[in-house]
Amino acid sequence: MNRQGAVGALLDIYEQAISDLKNVIKSIPDNVLTNIIDEKTTNEDCKSIQKILSHVVSSGYSYATSIHNLKGHNAKRPDRVYRLSIEEYLKDLTNVFIFTESVFSEIKDDELEQYDNSLKIQTGWGQLYDIEQLTEHAIVHILRHKRQIERIKRSQLK
């Protein structure tokens, strides 16, 4: 960490958020990954720790791929994968960041903010974001699911 400029700041903060999530999940036993932790939720991505982590990894690739494609590429994000070990999720989270960092090697600070909607990224849920907004969303997405998993650990994995 300790990169330069606005791009560097976003990458440093994103890397820290991923690192913090990894620290939260590394003590989770593999045998509880698939346990249903919320039977009432209608959100399939929140039914188990496995589903939450697969969603987080998939979303991370989706954000970075959208930014990558804004630069004229035509990449597809990897298919969602459901892992059976925390070690595999730790590697996946590392790889999401490595991929994101490589995408940002093409981004300059003055490209982060965009006021022209025609040059923004249309998200899968219908919003228009510039690179900075989508990256900030990616960071907060990690933090929200870290909080969710911390709460699960406190209430169900004692």
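Which residues line the largest pocket? In this predicted model, local features need pLDDT of at least 70 and side-chain atom pairs count only at pLDDT 80 or more, while totals for chains, interfaces and linings use all residues. Residues are numbered from 1 along each chain as its sequence is written, and side-chain values use heavy atoms, with hydrogens and water left out.

The lining is made up of H55, S59, S62, Y63, S66, R77, R80, I121, T123, G124, W125 and L134. Here a pocket is an open set of points on a 1 Å grid over the protein atoms alone, where a 1.4 Å probe fits, with protein on both sides within 12 Å along at least five of seven lines; lining residues have an atom within 4 Å of a point. The space inside amounts to about 150 Å³, taken as that filled by probe spheres set on the points, which are joined across faces, edges and corners. By class, 4 lining residues are nonpolar, 6 polar and 2 charged, where Ala, Val, Leu, Ile, Met, Phe, Trp, Tyr, Cys and Pro count as nonpolar, Asp, Glu, Lys and Arg as charged, and the others, Gly among them, as polar. Helix α2 gives the largest share of this lining, 5 residues; helices are DSSP runs (H or I, at least four residues), numbered from the N terminus.

Conventions: Helices (H or I, at least four residues) and strands (E, at least two) are DSSP runs, numbered from the N terminus.
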